[in-house]
Amino acid sequence: MAKAPVLTPRADDFPRWYQDLITKAELADNGPVRGTMVIRPYGYGLWERMQAEMDARIKETGTQNAYFPLLIPESYLAREADHVEGFAPELAVVTHGGGKELEEPAVVRPTSEMIINEYFSKWVQSYRDLPLLINQWANVVRWELRPRLFLRTSEFLWQEGHTAHATYEEARDFAARIHRAVYEDFMLNVLAMDVVPGRKTVMERFAGAINTLTLEGMMGDGKALQMATSHELGQNFAKAFNTRYLSKDGRQELVWQTSWGSTTRMIGALVMMHGDDNGLRVPPRLAQIQAVVLAIKGDETVLAKVRELGDRLKAAGVRVHVDDRTDTPFGRRAVDWELKGVPVRIEIGPRDLENGTAMLARRIPGGKGPVPLDELVALLPKVLEEDQALLLEQSRERRESRTAEASTFEEAVEVATAGGWARIPWAVLGEEGEAKLADHAVTVRCLVAEDGSVPDADDAPGNVAVVARAY
(Lines give C-alpha, C1' and ligand atoms only; values in the text may rest on other atoms or scores of the structure.)
Protein backbone atom coordinates (compact mmCIF):
# COMPACT_ATOMS: atom_id res chain seq x y z
CA MET A 1 0.00 0.00 0.00
CA ALA A 2 1.14 3.54 -0.79
CA LYS A 3 2.18 5.55 2.25
CA ALA A 4 -0.38 8.23 3.21
CA PRO A 5 0.93 11.79 2.63
CA VAL A 6 1.87 13.82 5.71
CA LEU A 7 -0.22 16.74 4.41
CA THR A 8 -3.39 16.90 2.35
CA PRO A 9 -2.15 17.65 -1.21
CA ARG A 10 -2.69 21.30 -2.16
CA ALA A 11 -4.37 20.33 -5.43
CA ASP A 12 -6.95 18.23 -3.55
CA ASP A 13 -7.96 20.73 -0.87
CA PHE A 14 -5.94 23.92 -0.45
CA PRO A 15 -7.68 25.11 2.76
CA ARG A 16 -7.21 21.68 4.38
CA TRP A 17 -3.55 21.62 3.28
CA TYR A 18 -3.11 25.05 4.91
CA GLN A 19 -4.65 23.91 8.18
CA ASP A 20 -2.64 20.66 8.15
CA LEU A 21 0.58 22.57 7.66
CA ILE A 22 -0.12 25.13 10.40
CA THR A 23 -0.69 22.24 12.81
CA LYS A 24 2.05 19.81 11.76
CA ALA A 25 4.75 22.46 11.38
CA GLU A 26 3.83 23.54 14.93
CA LEU A 27 3.06 27.15 14.02
CA ALA A 28 -0.15 27.71 15.97
CA ASP A 29 -3.22 26.21 17.64
CA ASN A 30 -6.74 27.54 18.04
CA GLY A 31 -7.26 29.45 21.28
CA PRO A 32 -9.99 28.67 23.84
CA VAL A 33 -12.16 31.62 22.73
CA ARG A 34 -13.43 31.24 19.17
CA GLY A 35 -11.34 33.27 16.77
CA THR A 36 -8.24 33.48 18.97
CA MET A 37 -4.97 31.63 18.45
CA VAL A 38 -1.99 30.36 20.39
CA ILE A 39 1.21 31.03 18.45
CA ARG A 40 3.66 28.22 19.14
CA PRO A 41 7.41 28.83 19.54
CA TYR A 42 8.34 27.98 15.94
CA GLY A 43 5.59 30.25 14.59
CA TYR A 44 6.48 33.00 17.04
CA GLY A 45 10.13 32.70 16.00
CA LEU A 46 9.07 33.61 12.46
CA TRP A 47 7.20 36.63 13.83
CA GLU A 48 10.23 37.71 15.88
CA ARG A 49 12.39 37.65 12.75
CA MET A 50 9.73 39.64 10.87
CA GLN A 51 9.60 42.14 13.74
CA ALA A 52 13.36 42.58 13.80
CA GLU A 53 13.64 43.14 10.05
CA MET A 54 10.73 45.58 9.88
CA ASP A 55 11.61 47.39 13.10
CA ALA A 56 15.06 48.21 11.72
CA ARG A 57 13.51 49.59 8.52
CA ILE A 58 10.90 51.58 10.46
CA LYS A 59 13.57 53.16 12.65
CA GLU A 60 15.60 54.14 9.58
CA THR A 61 12.74 56.53 8.72
CA GLY A 62 13.20 58.33 12.06
CA THR A 63 10.17 56.68 13.66
CA GLN A 64 10.32 55.76 17.37
CA ASN A 65 8.49 52.97 19.19
CA ALA A 66 5.97 53.69 21.94
CA TYR A 67 3.07 51.93 23.63
CA PHE A 68 -0.55 52.99 24.13
CA PRO A 69 -3.36 51.42 26.22
CA LEU A 70 -5.31 48.37 25.14
CA LEU A 71 -8.60 49.87 26.39
CA ILE A 72 -10.05 52.96 24.75
CA PRO A 73 -13.01 54.99 26.10
CA GLU A 74 -16.00 54.29 23.89
CA SER A 75 -16.63 58.01 23.43
CA TYR A 76 -13.32 58.42 21.58
CA LEU A 77 -14.59 56.35 18.67
CA ALA A 78 -17.52 58.64 18.06
CA ARG A 79 -15.22 61.53 17.15
CA GLU A 80 -14.53 60.39 13.57
CA ALA A 81 -17.74 59.15 11.95
CA ASP A 82 -16.29 57.16 9.03
CA HIS A 83 -13.77 55.48 11.32
CA VAL A 84 -16.28 54.29 13.91
CA GLU A 85 -18.71 53.16 11.21
CA GLY A 86 -15.96 51.11 9.55
CA PHE A 87 -15.03 49.29 12.77
CA ALA A 88 -18.40 49.07 14.57
CA PRO A 89 -19.20 45.46 13.53
CA GLU A 90 -15.83 44.23 14.81
CA LEU A 91 -15.67 45.90 18.22
CA ALA A 92 -15.25 44.10 21.52
CA VAL A 93 -16.57 46.25 24.38
CA VAL A 94 -15.77 45.96 28.10
CA THR A 95 -18.73 46.97 30.27
CA HIS A 96 -17.69 45.62 33.70
CA GLY A 97 -14.46 45.80 35.68
CA GLY A 98 -13.63 45.02 39.30
CA GLY A 99 -17.08 43.50 39.77
CA LYS A 100 -18.84 46.76 38.85
CA GLU A 101 -20.40 48.23 35.76
CA LEU A 102 -18.10 50.83 34.24
CA GLU A 103 -19.26 54.44 34.08
CA GLU A 104 -18.19 54.45 30.45
CA PRO A 105 -17.68 51.26 28.43
CA ALA A 106 -14.17 50.69 27.09
CA VAL A 107 -13.41 49.34 23.63
CA VAL A 108 -10.61 46.80 23.20
CA ARG A 109 -8.50 48.51 20.55
CA PRO A 110 -9.30 47.46 16.97
CA THR A 111 -6.62 50.00 15.94
CA SER A 112 -5.19 52.96 17.82
CA GLU A 113 -5.96 56.07 15.76
CA MET A 114 -8.30 57.32 18.48
CA ILE A 115 -6.14 56.83 21.57
CA ILE A 116 -2.98 58.01 19.81
CA ASN A 117 -4.64 61.13 18.43
CA GLU A 118 -5.80 62.05 21.93
CA TYR A 119 -2.13 62.26 22.90
CA PHE A 120 -0.89 63.77 19.65
CA SER A 121 -3.22 66.70 20.36
CA LYS A 122 -1.39 67.21 23.68
CA TRP A 123 2.14 66.67 22.41
CA VAL A 124 1.99 68.85 19.28
CA GLN A 125 2.15 72.56 20.05
CA SER A 126 4.33 74.15 17.36
CA TYR A 127 6.05 73.40 14.08
CA ARG A 128 9.11 72.41 16.13
CA ASP A 129 7.23 69.31 17.34
CA LEU A 130 6.76 68.07 13.78
CA PRO A 131 7.03 65.63 12.22
CA LEU A 132 5.90 63.36 15.07
CA LEU A 133 6.68 59.77 14.08
CA ILE A 134 5.45 56.96 16.36
CA ASN A 135 5.18 53.18 15.92
CA GLN A 136 3.61 50.61 18.23
CA TRP A 137 4.10 46.83 18.37
CA ALA A 138 0.95 45.48 19.97
CA ASN A 139 -2.13 43.27 19.73
CA VAL A 140 -5.56 44.31 18.52
CA VAL A 141 -9.02 42.75 18.64
CA ARG A 142 -11.49 42.75 15.74
CA TRP A 143 -14.28 40.26 16.30
CA GLU A 144 -14.06 37.78 13.46
CA LEU A 145 -17.07 35.71 12.39
CA ARG A 146 -15.14 33.38 10.04
CA PRO A 147 -11.75 32.84 11.68
CA ARG A 148 -8.76 31.15 10.07
CA LEU A 149 -5.39 30.88 11.81
CA PHE A 150 -3.09 33.80 10.98
CA LEU A 151 -5.31 35.05 8.14
CA ARG A 152 -8.36 36.17 10.12
CA THR A 153 -8.38 35.94 13.91
CA SER A 154 -10.24 37.99 16.50
CA GLU A 155 -6.94 38.90 18.15
CA PHE A 156 -3.75 39.33 16.19
CA LEU A 157 -0.31 40.88 16.58
CA TRP A 158 0.87 43.80 14.49
CA GLN A 159 2.75 47.04 14.24
CA GLU A 160 0.89 50.26 13.68
CA GLY A 161 2.62 53.50 12.79
CA HIS A 162 1.06 56.92 13.35
CA THR A 163 2.57 60.21 12.24
CA ALA A 164 1.73 63.92 12.21
CA HIS A 165 3.18 66.40 9.69
CA ALA A 166 3.03 70.12 8.90
CA THR A 167 1.84 69.75 5.31
CA TYR A 168 -0.18 67.46 3.09
CA GLU A 169 2.87 66.86 0.88
CA GLU A 170 5.03 65.73 3.81
CA ALA A 171 2.35 63.29 5.01
CA ARG A 172 1.74 61.96 1.49
CA ASP A 173 5.45 61.41 0.89
CA PHE A 174 5.95 59.71 4.27
CA ALA A 175 3.07 57.29 3.66
CA ALA A 176 4.63 56.44 0.30
CA ARG A 177 8.07 56.02 1.90
CA ILE A 178 6.71 53.50 4.42
CA HIS A 179 4.90 51.69 1.60
CA ARG A 180 8.07 51.25 -0.45
CA ALA A 181 11.14 51.54 1.84
CA VAL A 182 9.69 49.52 4.74
CA TYR A 183 6.98 47.17 3.50
CA GLU A 184 7.86 46.48 -0.13
CA ASP A 185 11.59 46.25 0.59
CA PHE A 186 10.95 43.82 3.45
CA MET A 187 8.60 41.63 1.41
CA LEU A 188 10.83 41.43 -1.64
CA ASN A 189 14.21 41.15 0.05
CA VAL A 190 13.40 39.18 3.21
CA LEU A 191 10.12 37.32 2.63
CA ALA A 192 11.04 36.69 -1.04
CA MET A 193 7.45 37.55 -1.95
CA ASP A 194 6.51 39.11 -5.23
CA VAL A 195 3.94 41.80 -4.41
CA VAL A 196 2.00 44.35 -6.42
CA PRO A 197 2.12 47.87 -4.94
CA GLY A 198 -1.00 49.88 -5.64
CA ARG A 199 -3.69 52.25 -4.49
CA LYS A 200 -6.97 51.10 -2.94
CA THR A 201 -10.25 52.24 -4.48
CA VAL A 202 -12.59 54.45 -2.46
CA MET A 203 -14.71 51.36 -1.67
CA GLU A 204 -11.69 49.45 -0.29
CA ARG A 205 -10.01 52.38 1.45
CA PHE A 206 -9.27 52.35 5.20
CA ALA A 207 -12.10 53.90 7.23
CA GLY A 208 -11.28 57.58 7.81
CA ALA A 209 -8.43 57.80 5.26
CA ILE A 210 -8.17 59.92 2.12
CA ASN A 211 -5.88 57.38 0.43
CA THR A 212 -4.70 53.84 1.15
CA LEU A 213 -1.60 52.29 -0.39
CA THR A 214 -1.45 48.49 -0.41
CA LEU A 215 0.79 45.55 -1.29
CA GLU A 216 -1.03 42.55 -2.73
CA GLY A 217 0.45 39.07 -2.98
CA MET A 218 -0.75 36.06 -4.99
CA MET A 219 -1.05 32.90 -2.92
CA GLY A 220 -0.46 29.36 -4.18
CA ASP A 221 -4.11 28.93 -5.17
CA GLY A 222 -4.23 32.18 -7.14
CA LYS A 223 -6.16 34.19 -4.55
CA ALA A 224 -4.89 37.58 -3.41
CA LEU A 225 -3.86 38.54 0.11
CA GLN A 226 -3.48 42.11 1.32
CA MET A 227 -0.03 42.13 2.90
CA ALA A 228 0.36 45.60 4.43
CA THR A 229 -1.20 49.04 4.04
CA SER A 230 -0.13 52.66 4.45
CA HIS A 231 -2.78 55.35 4.79
CA GLU A 232 -2.95 59.08 4.23
CA LEU A 233 -5.41 60.29 6.87
CA GLY A 234 -5.53 63.88 5.66
CA GLN A 235 -6.83 66.13 8.43
CA ASN A 236 -9.85 64.01 9.40
CA PHE A 237 -8.47 62.95 12.78
CA ALA A 238 -6.76 66.31 13.37
CA LYS A 239 -10.18 67.97 13.12
CA ALA A 240 -11.79 65.38 15.38
CA PHE A 241 -9.12 65.83 18.08
CA ASN A 242 -8.23 69.48 17.37
CA THR A 243 -4.59 68.62 16.78
CA ARG A 244 -3.05 71.95 15.80
CA TYR A 245 0.39 73.51 15.70
CA LEU A 246 1.70 77.07 15.67
CA SER A 247 3.30 77.59 12.27
CA LYS A 248 6.50 79.55 11.62
CA ASP A 249 4.43 82.57 10.61
CA GLY A 250 2.35 82.45 13.80
CA ARG A 251 -0.85 80.77 12.54
CA GLN A 252 -2.67 77.85 14.17
CA GLU A 253 -2.77 75.00 11.61
CA LEU A 254 -4.20 71.49 11.62
CA VAL A 255 -1.64 68.69 11.21
CA TRP A 256 -1.69 66.17 8.36
CA GLN A 257 -1.45 62.53 9.35
CA THR A 258 -0.62 58.97 8.27
CA SER A 259 -1.11 55.52 9.74
CA TRP A 260 0.27 52.21 8.51
CA GLY A 261 0.32 48.59 9.63
CA SER A 262 1.32 44.98 9.02
CA THR A 263 0.28 41.90 10.98
CA THR A 264 0.85 38.23 11.81
CA ARG A 265 -1.17 37.62 8.63
CA MET A 266 2.24 37.62 6.95
CA ILE A 267 2.92 34.21 8.52
CA GLY A 268 -0.18 32.88 6.76
CA ALA A 269 1.08 34.45 3.55
CA LEU A 270 4.44 32.74 4.03
CA VAL A 271 2.66 29.39 4.23
CA MET A 272 0.38 29.95 1.24
CA MET A 273 2.87 31.60 -1.09
CA HIS A 274 5.94 29.43 -0.52
CA GLY A 275 4.61 26.17 0.96
CA ASP A 276 4.41 22.93 -1.01
CA ASP A 277 3.02 19.44 -0.45
CA ASN A 278 5.94 18.64 1.86
CA GLY A 279 5.47 21.65 4.14
CA LEU A 280 6.85 25.13 4.59
CA ARG A 281 9.68 26.65 2.60
CA VAL A 282 11.13 29.48 4.66
CA PRO A 283 13.23 32.15 2.90
CA PRO A 284 16.81 31.92 4.22
CA ARG A 285 17.00 35.61 5.14
CA LEU A 286 13.90 35.19 7.32
CA ALA A 287 14.58 31.74 8.79
CA GLN A 288 15.44 31.62 12.48
CA ILE A 289 17.13 28.31 11.61
CA GLN A 290 18.88 28.53 8.24
CA ALA A 291 20.61 25.18 8.53
CA VAL A 292 20.05 22.14 10.71
CA VAL A 293 22.91 19.66 11.19
CA LEU A 294 21.54 16.18 11.86
CA ALA A 295 23.37 13.23 13.39
CA ILE A 296 22.02 10.13 11.67
CA LYS A 297 23.22 7.77 14.42
CA GLY A 298 24.40 8.11 18.01
CA ASP A 299 28.00 7.28 17.19
CA GLU A 300 30.31 9.44 19.37
CA THR A 301 32.51 10.37 16.42
CA VAL A 302 29.44 11.44 14.43
CA LEU A 303 28.07 13.47 17.34
CA ALA A 304 31.42 15.20 17.82
CA LYS A 305 31.61 16.12 14.11
CA VAL A 306 28.00 17.34 14.03
CA ARG A 307 28.61 19.63 17.01
CA GLU A 308 31.92 20.88 15.65
CA LEU A 309 30.32 21.69 12.27
CA GLY A 310 27.49 23.49 14.04
CA ASP A 311 30.01 25.69 15.87
CA ARG A 312 31.90 26.47 12.65
CA LEU A 313 28.71 27.42 10.80
CA LYS A 314 27.59 29.60 13.69
CA ALA A 315 30.97 31.35 13.71
CA ALA A 316 30.51 31.96 9.97
CA GLY A 317 27.22 33.80 10.64
CA VAL A 318 24.80 31.01 9.73
CA ARG A 319 21.80 30.59 12.03
CA VAL A 320 22.25 26.91 12.78
CA HIS A 321 20.65 24.22 14.94
CA VAL A 322 22.34 20.94 15.85
CA ASP A 323 19.93 18.01 15.97
CA ASP A 324 21.66 15.28 17.96
CA ARG A 325 18.45 13.62 19.22
CA THR A 326 19.50 10.18 18.06
CA ASP A 327 16.93 8.55 20.35
CA THR A 328 14.34 9.78 17.81
CA PRO A 329 14.38 7.99 14.44
CA PHE A 330 16.30 9.90 11.78
CA GLY A 331 13.49 9.66 9.21
CA ARG A 332 10.99 11.28 11.56
CA ARG A 333 13.38 14.12 12.35
CA ALA A 334 14.10 14.71 8.66
CA VAL A 335 10.37 14.90 7.88
CA ASP A 336 9.80 17.32 10.78
CA TRP A 337 12.51 19.70 9.55
CA GLU A 338 11.12 19.43 6.03
CA LEU A 339 7.66 20.36 7.32
CA LYS A 340 9.14 23.36 9.13
CA GLY A 341 10.80 24.53 5.93
CA VAL A 342 14.35 24.92 7.22
CA PRO A 343 16.28 25.91 4.07
CA VAL A 344 19.18 23.45 4.45
CA ARG A 345 19.66 20.09 6.15
CA ILE A 346 23.15 18.71 6.63
CA GLU A 347 22.98 14.99 7.41
CA ILE A 348 26.00 13.15 8.80
CA GLY A 349 26.41 9.44 9.61
CA PRO A 350 29.34 7.04 10.04
CA ARG A 351 29.60 6.31 6.30
CA ASP A 352 29.66 10.03 5.51
CA LEU A 353 32.55 10.53 7.91
CA GLU A 354 34.46 7.69 6.25
CA ASN A 355 34.03 9.48 2.90
CA GLY A 356 34.79 12.93 4.33
CA THR A 357 31.39 14.18 3.16
CA ALA A 358 27.96 15.20 4.41
CA MET A 359 24.60 14.93 2.67
CA LEU A 360 23.28 18.38 1.81
CA ALA A 361 19.49 18.58 1.39
CA ARG A 362 18.11 21.86 0.00
CA ARG A 363 14.48 22.46 0.95
CA ILE A 364 13.64 25.21 -1.55
CA PRO A 365 14.73 23.72 -4.91
CA GLY A 366 14.54 20.19 -3.50
CA GLY A 367 17.09 17.43 -3.91
CA LYS A 368 20.14 16.31 -1.96
CA GLY A 369 23.68 15.20 -2.60
CA PRO A 370 27.07 14.68 -0.96
CA VAL A 371 29.36 17.65 -0.28
CA PRO A 372 32.93 17.49 1.09
CA LEU A 373 32.89 18.40 4.79
CA ASP A 374 35.70 20.91 4.41
CA GLU A 375 33.71 22.85 1.75
CA LEU A 376 30.44 23.21 3.66
CA VAL A 377 31.18 26.37 5.64
CA ALA A 378 32.27 28.29 2.55
CA LEU A 379 29.48 26.86 0.38
CA LEU A 380 26.47 27.46 2.60
CA PRO A 381 26.12 31.28 2.34
CA LYS A 382 26.12 30.98 -1.46
CA VAL A 383 23.49 28.21 -1.36
CA LEU A 384 21.25 30.23 0.95
CA GLU A 385 21.38 33.31 -1.29
CA GLU A 386 20.62 31.21 -4.38
CA ASP A 387 17.59 29.71 -2.68
CA GLN A 388 16.40 33.13 -1.45
CA ALA A 389 16.47 34.38 -5.05
CA LEU A 390 14.72 31.25 -6.33
CA LEU A 391 11.73 31.72 -4.01
CA LEU A 392 11.22 35.30 -5.21
CA GLU A 393 11.56 34.20 -8.83
CA GLN A 394 8.99 31.42 -8.35
CA SER A 395 6.47 33.74 -6.70
CA ARG A 396 6.87 36.27 -9.52
CA GLU A 397 6.49 33.61 -12.20
CA ARG A 398 3.29 32.37 -10.53
CA ARG A 399 1.74 35.83 -10.51
CA GLU A 400 2.77 36.68 -14.06
CA SER A 401 1.59 33.35 -15.48
CA ARG A 402 -1.80 33.61 -13.73
CA THR A 403 -2.51 37.28 -14.52
CA ALA A 404 -4.47 38.10 -17.67
CA GLU A 405 -5.52 41.30 -19.41
CA ALA A 406 -9.29 41.84 -19.56
CA SER A 407 -11.20 44.33 -21.67
CA THR A 408 -14.69 43.70 -20.28
CA PHE A 409 -16.32 43.12 -16.90
CA GLU A 410 -17.24 39.57 -17.93
CA GLU A 411 -13.66 38.70 -18.90
CA ALA A 412 -12.34 40.03 -15.58
CA VAL A 413 -14.82 37.94 -13.59
CA GLU A 414 -14.04 34.83 -15.63
CA VAL A 415 -10.31 35.15 -14.92
CA ALA A 416 -10.78 35.86 -11.20
CA THR A 417 -13.28 33.06 -10.58
CA ALA A 418 -10.96 30.61 -12.36
CA GLY A 419 -8.22 31.32 -9.82
CA GLY A 420 -6.23 34.09 -11.46
CA TRP A 421 -5.85 37.86 -11.44
CA ALA A 422 -7.31 40.13 -14.08
CA ARG A 423 -6.08 43.56 -15.12
CA ILE A 424 -8.87 45.73 -16.51
CA PRO A 425 -8.84 49.45 -17.33
CA TRP A 426 -10.45 51.36 -14.46
CA ALA A 427 -12.22 53.50 -17.04
CA VAL A 428 -13.99 50.32 -18.24
CA LEU A 429 -14.77 48.85 -14.80
CA GLY A 430 -15.45 51.96 -12.72
CA GLU A 431 -17.25 52.14 -9.38
CA GLU A 432 -20.41 50.61 -10.84
CA GLY A 433 -18.53 47.57 -12.11
CA GLU A 434 -16.62 47.30 -8.84
CA ALA A 435 -19.88 47.09 -6.90
CA LYS A 436 -21.10 44.30 -9.21
CA LEU A 437 -17.95 42.25 -8.58
CA ALA A 438 -19.24 41.46 -5.09
CA ASP A 439 -21.91 39.22 -6.66
CA HIS A 440 -19.04 36.95 -7.77
CA ALA A 441 -17.00 37.15 -4.51
CA VAL A 442 -14.41 39.20 -6.41
CA THR A 443 -12.85 42.56 -5.44
CA VAL A 444 -10.58 45.21 -6.86
CA ARG A 445 -7.34 44.55 -5.02
CA CYS A 446 -5.74 47.82 -6.09
CA LEU A 447 -5.30 50.37 -8.83
CA VAL A 448 -1.99 50.61 -10.66
CA ALA A 449 -0.73 52.86 -13.42
CA GLU A 450 -0.17 51.45 -16.90
CA ASP A 451 3.56 51.12 -16.21
CA GLY A 452 2.94 49.28 -12.91
CA SER A 453 3.69 52.26 -10.66
CA VAL A 454 1.32 53.57 -7.98
CA PRO A 455 -1.14 56.14 -9.36
CA ASP A 456 -1.28 59.65 -7.91
CA ALA A 457 -5.08 59.73 -7.99
CA ASP A 458 -8.08 57.39 -8.07
CA ASP A 459 -9.12 58.68 -11.48
CA ALA A 460 -5.69 59.20 -13.05
CA PRO A 461 -5.75 58.55 -16.83
CA GLY A 462 -4.70 55.00 -17.67
CA ASN A 463 -5.36 53.51 -14.23
CA VAL A 464 -5.67 49.73 -14.29
CA ALA A 465 -7.70 47.74 -11.74
CA VAL A 466 -6.21 44.47 -10.45
CA VAL A 467 -9.19 42.17 -9.85
CA ALA A 468 -9.16 38.88 -7.91
CA ARG A 469 -10.74 36.72 -5.27
CA ALA A 470 -9.02 37.28 -1.94
CA TYR A 471 -8.53 36.06 1.59
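**Buried positions, nonpolar cores and helix contacts**

Ser 112 has a relative accessibility of 0% and therefore counts as buried in this predicted model. The residue is found in the loop between β6 (100-108) and α5. Leaving out residues up to four places away in sequence, Ser 112 touches Gln 136, Glu 160 and His 162. The loop that lies between α5 (113-123) and β7 (132-141) contains Pro 131. The peptide bond joining Leu 130 to Pro 131 is cis, with omega at about -5°.

Two residues other than glycine with positive phi values are described next. Glu 26 has phi near 60°, a positive value in a residue other than glycine. Its place is in the loop between α1 (14-24) and β1 (28-30). Because the relative accessibility of Glu 26 is 33%, the residue counts as partly exposed. For Ala 192, phi is near 55°, again a positive value in a residue that is not glycine. Ala 192 is placed in the loop between α6 (168-189) and β9 (195-199). With 0% relative accessibility, below the 20% limit for burial, Ala 192 counts as buried.

The largest nonpolar core has 56 residues. The members that touch the most other members are Leu 27, Phe 150, Tyr 183, Met 187, Met 227 and Met 266. Helix α8 (residues 265-274) supplies the largest share of this core, namely 7 residues. Another core, of 25 residues, lies apart from it and includes Phe 68, Ile 72, Leu 77 and Phe 206. When neighbours within four places in sequence are left aside, Leu 27 is in contact with Ile 22, Val 38, Ile 39, Arg 40, Tyr 42, Gly 43, Leu 46, Phe 150, Val 271 and Leu 280. Phe 150, one of these partners, is also among the core members with the most contacts to other members.

Ile 22 and Val 271, both in contact with Leu 27, also take part in the contact of α1 with α8. The axes of these two helices come within 11 Å and cross at roughly 120°. At that angle, α1 is therefore oblique to α8. The crossing in which α1 passes α8 is right-handed. On the α1 side the contact involves Phe 14, Trp 17, Tyr 18, Leu 21 and Ile 22, and these meet Gly 268, Val 271 and Met 272 in α8. Divided by class, the residues of this contact are 7 nonpolar, 1 polar and no charged.

A further helix pair is formed by α9 (residues 300-315) and α12 (residues 376-401), which pack at an angle of about 55° with their axes 10 Å apart. The two helices are therefore oblique to each other. Here too the crossing, in which α9 passes α12, is right-handed. Leu 309, Arg 312 and Leu 313 of α9 make the contact with Leu 376, Val 377 and Leu 380 of α12. The contact of α9 with α12 comprises 5 nonpolar residues, no polar residues and 1 charged residue.

Helix α9 also holds Val 306. At 0% relative accessibility, Val 306 counts as buried. Not counting residues up to four places away in sequence, Val 306 touches Val 293, Leu 294, Ala 295, Val 322 and Ile 348. The C-alpha atoms of Val 306 and Asp 324 are 7.7 Å apart in space, while the two residues are 18 residues apart in sequence.

In strand β21 (residues 421-425) lies Ile 424. Its relative accessibility is 0%, and Ile 424 therefore counts as buried. Beyond its neighbours within four places in sequence, Ile 424 is in contact with Ala 406, Ser 407, Thr 408, Phe 409, Ala 412, Leu 429, Val 464, Ala 465 and Val 467. Ile 424 and Glu 411 are 13 residues apart in sequence, with a C-alpha to C-alpha distance of 8.8 Å.

Notes
Residues are numbered from 1 along each chain as its sequence is written. This is a predicted model: local features need pLDDT of at least 70, side-chain atom pairs count only at pLDDT 80 or more; totals for chains, interfaces and linings use all residues. Side-chain values use heavy atoms; hydrogens and water are left out. A nonpolar core is a set of buried Ala, Val, Leu, Ile, Met, Phe, Trp, Tyr and Cys residues joined through side-chain atoms within 4.5 Å. Buried means under 20% relative accessible area, exposed over 50%, partly exposed in between (1.4 Å probe, protein chains only). Helices (H or I, at least four residues) and strands (E, at least two) are DSSP runs, numbered from the N terminus. Contact means heavy atoms within 4.5 Å. Axes are lines fitted to C-alpha atoms, for helices over the stretch in contact, and angles run from 0 to 180 degrees between N-to-C directions. Angles under 35 degrees count as roughly parallel, over 145 as roughly antiparallel, 65 to 115 as roughly perpendicular and the rest as oblique. A crossing is left-handed if the near helix is turned anticlockwise from the far one by less than a right angle, and right-handed if clockwise. Ala, Val, Leu, Ile, Met, Phe, Trp, Tyr, Cys and Pro count as nonpolar, Asp, Glu, Lys and Arg as charged, and the others, Gly among them, as polar.
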